[in-house]
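Please read the points beside the coordinates shown here.

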Number of protein chains: 2
Amino acid sequence: MIRHPAFTVEPWSIRESRLDLDVLAQTESVFALSNGHIGLRGNLDEGEPYGEPGTYLDGFYELRPLPYAEAGYGYPESGQTVVNVTNGKVIRLLVDDEPFDVRYGTLHEHERVLDLRAGTLTRRVLWSSPTGAQVRVTSTRLVSFTHRAVAAIHYEIQAVDRPRRVVVQSELIANETQEYKAGDPRAATPLESPLVLEENVPGTDGVAIMVHHTRSSGMRVAAAMCHDVDGPDATRIDAQGAGDVGRVTVTTRLSPGRPLRLVKYFSYGWSVKRSRPAMHDQVVAALAGARLTGWDGLCADQRRTLDAFWRSADVEVTGDPEVQQAVRFGLFHLLQSSARLEDRPIPAKGLTGSGYDGHAFWDTEIFVLPVLTYTYPKAVADALSWRRSTIPLARDRAKQLRLRGTAFPWRTIHGEECSGYWPAGTGAFHVNAAIAHAVTQYVDATDDTSFERDTGLPLLVGTARLWCSLGHRDPAGRFRIDGVTGPDEYTAVVDNNVYTNLMARQNLLAAAEAAARHPGRAAQLKVTEEETGGWRDAAAAMCVPYDERLGVHAQCEAFTQHAVWDFAATKPRQYPLLLHFPYFDLYRRQVVKQADLVLAMHLCGDAFTPEQKARNFAYYEALTVRDSSLSACTQAVIAAEVGHLELAYRYLGEAAMMDLADLEKNTVDGVHMAALAGAWIALIAGFGGMRAGRGRIAFAPRLPSELTGLAFRLRYRGSLLCVTTTAEATTYELLEGPPITVTHHGDQVAVAGSVTRPNPPRPEPEEEIHQPPGREPAPRHPRRARRSRS
Amino acid sequence: MIRHPAFTVEPWSIRESRLDLDVLAQTESVFALSNGHIGLRGNLDEGEPYGEPGTYLDGFYELRPLPYAEAGYGYPESGQTVVNVTNGKVIRLLVDDEPFDVRYGTLHEHERVLDLRAGTLTRRVLWSSPTGAQVRVTSTRLVSFTHRAVAAIHYEIQAVDRPRRVVVQSELIANETQEYKAGDPRAATPLESPLVLEENVPGTDGVAIMVHHTRSSGMRVAAAMCHDVDGPDATRIDAQGAGDVGRVTVTTRLSPGRPLRLVKYFSYGWSVKRSRPAMHDQVVAALAGARLTGWDGLCADQRRTLDAFWRSADVEVTGDPEVQQAVRFGLFHLLQSSARLEDRPIPAKGLTGSGYDGHAFWDTEIFVLPVLTYTYPKAVADALSWRRSTIPLARDRAKQLRLRGTAFPWRTIHGEECSGYWPAGTGAFHVNAAIAHAVTQYVDATDDTSFERDTGLPLLVGTARLWCSLGHRDPAGRFRIDGVTGPDEYTAVVDNNVYTNLMARQNLLAAAEAAARHPGRAAQLKVTEEETGGWRDAAAAMCVPYDERLGVHAQCEAFTQHAVWDFAATKPRQYPLLLHFPYFDLYRRQVVKQADLVLAMHLCGDAFTPEQKARNFAYYEALTVRDSSLSACTQAVIAAEVGHLELAYRYLGEAAMMDLADLEKNTVDGVHMAALAGAWIALIAGFGGMRAGRGRIAFAPRLPSELTGLAFRLRYRGSLLCVTTTAEATTYELLEGPPITVTHHGDQVAVAGSVTRPNPPRPEPEEEIHQPPGREPAPRHPRRARRSRS
């Protein structure tokens with residue numbers, strides 16, 4: 001039984017033309033709108049039915065106790081959980097006394113379209129009530145990229161056949177009930193009525209305002225709404241507010257041909273410091289600003305923002321309309337997750353669902369930021385500024401763990417460690433190297449010196465110090481990092497994880513180099529030459545396990561001596577393995593949840609010879625079950641690099657379709673930002689062969705037979721470049737900025753206007769590749785293609 | 001400030017002659033009485049003040065949910081917690097309207113004596129009330145070894161100076177309040193009012209009966225009491241029962257010279273199957289039986305049981321009265337913990353406190369049963385029969401963990417895994433080898449063929465199968481056991497822990513040999529020759545890591561490559577380390593909580609050369625912090641074996657004084673059965689050099705300069721042997737049973753009557769030994785010696 005949503009294939013939009021309540025929750029994630037500050041799930045206007053109601057504010061959370069059967073030193077006592085704040089999306093409708101509810105009456109037509117260029121979600125419905133009253137409802141909603149605190153809905157209702165009495169109730173609702181999904185550790189823990197009412201003002205002019213605070217985290221949230229109403233003369237507007245509901249009611253009698261139009265503006269603000277009156281005024285002011293801009297103005301701003309974004313970021317894929325759609329869908333959600341961050345984190349699910357409790361992990365730095373670095377760099381500076389702002393917390397955590405420097409959390413919203421599983425929370429230190437990596441890549445791509453000095457250097461120094469205190473010299477002089485957890489979550493608490501060690505090496509060297517470039521700031525941070533010398537020495541002595549017998553790198557010490565997982569005896573229903581086997585057994589066998597050594601080969605490619613890459617890839621392919629959404633894109637990149645282009649293409653498909661086809665079966669909890677970024681990574685780093693660093697950007701374009709063309713735009717050091725490749729040749733075109741030299745398959749190419757170079761012939765890979773039985777890249781189930789109307 | 005109890009040093013008793021309320025809880029554990037079925041903490045008769053009120057029934061528990069911040073496959077959902085059941089110890093006293101409470105008035109004299117030959121706890125008090133009413137109270141209590149369900153108290157009160165009005169309230173109280181000790185993972189989780197009242201009958205004749213059941217575990221407990229009262233003529237007796245209290249009140253007027261004497265008999269029963277009326281009748285019947293025997297009869301039985309025990313088990317130590325007392329105290333508590341087990345477990349704290357939730361661990365099999373094997377073997381058969389009865393649960397657990405055979409729990413009361421910490425609950429598989437070891441030692445010492453066939457073989461086979469499925473062959477053909485946790489709890493989830501691997505080897509060979517001896521029973525268990533061949537092969541190929549560079553065994557793979565713990569930077573207040581440092585950091589460094597490799601050298605001595613033993617011991621001494629009570633005795637044994645006799649003596653002291661001096665600061669939660677056994681182990685296996693197996697028993701007596709003599713008795717294959725050693729020579733005397741051949745320092749000696757052999761000269765050990773700074777064996781604070789009055 002197919003349990004994923006069916007969207008038509010269009011280049012610039014996601015369209016649903018049939019409502020399937022079984023996958024309603026998935027579509028709510030896919031159709032979520034956000035500007036990085038406010039996130040609205042794609043819930044139906046009328047509030048019900050829903051999969052999960054969701055309105056989120058980036059950084060706004062409630063605390064919940066973290067319980068332990070057996071407590072231990074350093075275990076966090078409370079976790080942070082994203083809160084479903086006051087819902088401003090709700091517009092209920094009564095037609096001749098019958099509530100509009102798609103579960104009753106007849107839904108003649110239903111369509112929802114997420115327009116990737118307009119930045120809007122439009123819904124068109126033709127519905128008859130159980131008593132036969134037919135209406136057409138059209139709504140368009142947006143979360144403004146230009147008015148950070150504002151969302152708006154344009155709502156239109158028409159009587160179709162005869163006059164109808166219509167009541168529209170536009171609401172603000174707090175503390176909506178949510179259902180508990182027991183047993184899946186990836187879902188969030190719902191909070192029961194997390195918001196405490198402080199104020200509920202049904203104001204004049206159809207304005208309503210509500211202020212709440214959380215019980216434990218001490219955060220205050222304000223929401224307000226106002227309305228422009230255009231209806232028949234007899235239209236009447238009332239406002240009421242009681243308890244956790246604020247309501248503006250518009251009552252009218254509609255004749256066919258004279259619709260009721262309503263523009264609902266709603267705004268949010270939150271703070272841990274500002275008072276109730278200040279918050280009240282803040283959201284009212286935001287409404288006033290939005291109303292001044294007006295609906296058409298908001299829409300025009302929205303499109304302008306997206307036009308600029310696509311000019312820098314668009315990717316054109318010829319030969320695979322699904323992937324074409326998916327990569328744009330992914331870029332759109334990346335923009336949504338980050339456009340108006342302003343020193344707040346990018347959660348693993350953005351603001352599209354409550355999955356993973358709304359926490360940000362290392363995948364933001366390793367998968368999401370690298371894409372934004374070349375397409376929307378401002379957001380990267382924002383996201384890393386947030387990390388920078390949490391340095392005091394990371395320093396405290398390091399102290400608690402008896403380490404030096406900064407220990408950034410495995411999962412968090414505000415900066416404190418929220419992992420209740422110590423092999424992650426005090427094991428997956430690689431998150432620190434991920435932050436350093438994102439800093440290094442961003443600085444390389446933008447040459448943003450002041451950022452490097454003020455934001456990058458403190459991050460690099462704190463993490464370098466952490467590695468120095470985490471590692472030690474063995475009697476042979478090698479620098480070992482023992483007892484940590486790498487990216488592969490089916491192996492934990494190991495010695496010398498290759499990925500961790502190589503990333504730590506990068507981190508140590510980057511810190512030393514940045515300190516040398518900013519000696520004044522480095523001195524403020526008490527960095528001495530002796531210390532940077534120590535970083536360089538540790539980097540040079542870094543231990544990297546290699547199994548001479550097999551001729552491959554061991555993912556960590558002793559990994560290749562462990563028993564190989566019994567894949568033959570594992571049934572398809574036993575995946576993901578973590579839900580069916582105990583950790584101890586997964587950890588002690590050769591089975592890989594997600595790219596780990598293979599990710600090291602992508603991010604630290606220089607540490608491997610081409611032959612090692614080929615052999616390592618073949619070895620780890622046979623062990624990797626991909627029970628994580630953070631794997632396919634990396635496998636695509638290295639598959640392409642070692643010449644397995646068709647396999648890379650299949651992994652690209654899996655990364656790209658993660659949410660549109662709900663491959664992990666948890667798109668209900670929100671879309672997977674890292675996997676969405678993965679489509680871009682698979683295309684640009686995979687088939688484009690893009691690698692950048694130390695002021696150089698290199699390409700090695702090679703297409704799989706399934707694709708006839710690939711064009712992508714990216715920004716590097718002030719230049720906007722368009723790279724267009726076919727099976728035969730690649731054209732580099734400078735769209736903006738100073739001339740730039742790129743590397744094309746190893747050759748230097750100066751790009752001032754447009755330059756074309758042939759692609760060298762494709763080599764035949766020697767290694768045979770196979771995956772564990774049944775764990776091959778997900779098969780593609782082609783979706784209905786539809787000619788775009790735009 | 002000294003915060004441990006002060007007992008006088010006497011050979012056959014533990015005497016407290018001053019009441020110190022600061023250490024009241026510790027004395028409650030030390031003075032606990034038990035027969036292995038019922039356990040009474042040494043609470044004051046009048047109920048208050050108390051450290052922790054405690055009345056326990058072996059095997060009786062309530063369930064509590066085990067919470068997890070992040071759940072995982074195979075984590076137990078509920079744990080079992082020992083219940084403080086109906087308290088029958090309470091005898092309150094009112095003297096001229098003033099309640100007898102040692103916190104008020106004046107305590108002129110106070111003495112408590114635990115008599116190790118009488119099996120009683122006697123208390124003598126001379127007290128004046130705040131208004132000056134002076135009384136003398138003498139109480140003696142016992143938990144009967146011969147009447148399994150019965151305890152009794154002989155209570156006497158005298159007016160001292162003038163007549164006094166006296167009211168004695170003898171009670172049964174359920175659901176006593178308990179204080180919560182937050183933060184220490186070794187303490188129990190108290191349950192709020194765990195017992196639900198079913199029946200409270202204040203009967204005739206001063207009999208009271210109460211029946212309760214638990215809310216979740218479905219267990220029913222009944223308690224009853226009756227009284228023999230001997231007082232002045234005007235003495236009046238009433239009975240009341242309401243709520244969770246049953247009360248018999250004795251009112252009288254006492255003149256000096258005419259005391260009131262009361263014998264309180266109380267009895268317990270519990271069941272998951274029997275009905276309320278059946279339980280009611282059961283406890284009443286037990287009372288009737290006890291009353292028939294009478295107080296004097298119970299005391300005589302008690303002494304007879306102990307006389308027989310000491311005849312088999314006594315140890316005489318010349319030159320150290322403290323150790324003399326301590327080893328008898330330990331043996332007494334071992335007997336108390338096991339005398340009337342009857343297919344129930346021996347918890348880590350016996351029935352003396354609620355520590356570790358009343359769970360049984362591996363230490364019962366490794367430390368407690370080996371002592372009982374040679375001194376009170378019946379209890380060993382009982383304890384292992386309990387393990388045998390839990391095989392179905394262990395089989396289910398193995399299936400859940402995707403393993404074959406049986407996986408016995410790390411901690412439990414009833415047999416289900418109750419560990420909420422997966423590196424223990426799905427890591428410390430060595431508990432299985434511990435069970436096999438106990439079986440093997442018991443069968444060797446007793447030649448109990450029917451036990452081996454019916455109880456031993458199923459245990460050996462199930463655990464051997466477990467090891468086969470836990471391990472695997474590496475490409476070099478070695479049998480590896482990866483990703484498990486050995487005894488040292490500061491290292492977890494490692495490959496090829498030497499202790500685990502050697503004990504597994506022992507387990508596999510023992511299973512193969514036992515199967516060969518009992519082919520019929522083996523066939524019933526579906527053991528084939530092919531399977532036993534596989535066990536032998538795996539045993540032969542067992543991987544045992546050895547560090548050639550250092551010339552020592554690595555406790556586990558890679559152990560010796562890890563950084564050594566920074567002992568110099570660790571402050572005394574940072575011990576135990578687990579309360580001050582995160583697991584990940586302890587795990588990845590060379591720091592040892594408790595004997596692990598050193599324990600392997602004791603239990604699998606044949607696997608090491610004498611030179612390896614000496615080098616290994618020196619190496620691990622420098623790393624061992626002894627944050628566990630399960631270490632000193634083993635260090636004593638190997639220190640003695642490698643010739644460091646004075647060091648062994650200091651470890652003996654630590655093991656022996658664990659509870660009498662409260663060295664671990666948690667005697668409040670109950671005495672440490674394994675450490676109590678450790679005093680015997682340190683003496684007999686350490687200075688006696690006793691090792692047994694394969695039908696042979698060997699000694700290598702050698703005394704440290706501090707001891708002038710050591711004599712001990714033990715049973716081996718039907719013979720009762722007394723071994724007496726001095727600095728010069730050892731005498732072997734056969735007290736009972738057939739002649740026996742022993743090994744004396746490598747020479748065979750036939751013992752029919754009494755044989756004396758000289759001890760060979762003491763060799764000078766080559767290795768220098770040092771411990772981490774500040775972690776040397778605990779210094780002895782000599783206690784007051786007092787000439788025994790008995």
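Among contacts in chain A between residues at least 6 apart in sequence, what percentage join residues at least 24 apart?

1. Contacts and basis of the note. The share in chain A is 69%, where two residues are in contact if their C-beta atoms, placed from the backbone, lie within 7 Å. This is a predicted model, in which local features need pLDDT of at least 70, side-chain atom pairs count only at pLDDT 80 or more, and totals for chains, interfaces and linings use all residues. Residues are numbered from 1 along each chain as its sequence is written, while chains are lettered from A and ligands numbered from 1 in the order in which they are written.

2. Overall form of chain A. Chain A holds 18 helices and 35 strands; helices (H or I, at least four residues) and strands (E, at least two) are DSSP runs numbered from the N terminus. The radius of gyration of chain A is 27 Å, close to the 28 Å that the globule rule gives for 790 residues, so chain A is as compact as a globular protein of that length. The radius is taken over C-alpha atoms, and the rule is 2.2 Å times the number of residues to the power 0.38. Along the principal axes, the C-alpha atoms of chain A fill a box of roughly 85 × 60 × 55 Å. Of the 790 residues of chain A, 60% count as buried. A residue is buried if 20 or more other C-beta atoms lie within 10 Å of its own, exposed if 12 or fewer, and partly exposed in between, with C-beta atoms placed from the backbone.

3. Domains of chain A. The assignment gives domain 1 (31-65 + 76-310) and domain 2 (314-758), with bounds that come from an automatic or database domain assignment. The centres of the two domains, taken over C-alpha atoms, are separated by 36 Å. Their contact takes 30 residues from domain 1 and 34 residues from domain 2. On the domain 1 side, strand 3 (33-34), strand 7 (78-82) and helix 2 (276-313) of chain A each supply at least two residues. Strand 7 of chain A gives the largest share of that side, four residues. The residues of this side of domain 1 divide into 12 nonpolar, 13 polar and five charged. Here Ala, Val, Leu, Ile, Met, Phe, Trp, Tyr, Cys and Pro count as nonpolar, Asp, Glu, Lys and Arg as charged, and the others, Gly among them, as polar.

4. Record annotations. UniProt (unreviewed entry) lists "domain: Glycoside hydrolase family 65 central catalytic" at residues 328-680 of chain A. Over residues 328-680 the chain is 52% helix and 3% strand, and the end C-alpha atoms are 9 Å apart. Over residues 690-751 the chain is 0% helix and 65% strand, with the end C-alpha atoms 16 Å apart. UniProt positions are given in the numbering used here, feature names are shortened, and annotations may be inferred rather than shown by experiment.

5. Relation of the two chains.

6. Interface. The contact takes 40 residues from chain B and 40 residues from chain A. On the chain B side, the largest share, four residues, comes from helix 13 (residues 583-587) of chain B. That side divides into 20 nonpolar, 11 polar and nine charged residues. The copies meet through the same surface, because 100% of the interface residues of chain B are also interface residues in chain A.

7. B:Gly420. This residue is found in the loop between helix 6 (391-400) and helix 7 (422-425) of chain B. With 22 C-beta neighbours inside 10 Å, B:Gly420 counts as buried. Leaving aside neighbours within four places in sequence, its contacts include A:Ala69, A:Glu70 and B:Tyr68.

8. Backbone points to check. Most residues other than glycine have a negative phi, and most peptide bonds are trans. A cis peptide bond joins A:Glu48 and A:Pro49, with omega about -10°; another cis bond joins A:Tyr575 and A:Pro576, with omega about -5°. Phi of B:Ala558 is near 75°, and B:Ala558 counts as buried, with 22 C-beta neighbours inside 10 Å. Phi of B:His745 is near 45°, and B:His745 is partly exposed, with 16 other C-beta atoms within 10 Å.
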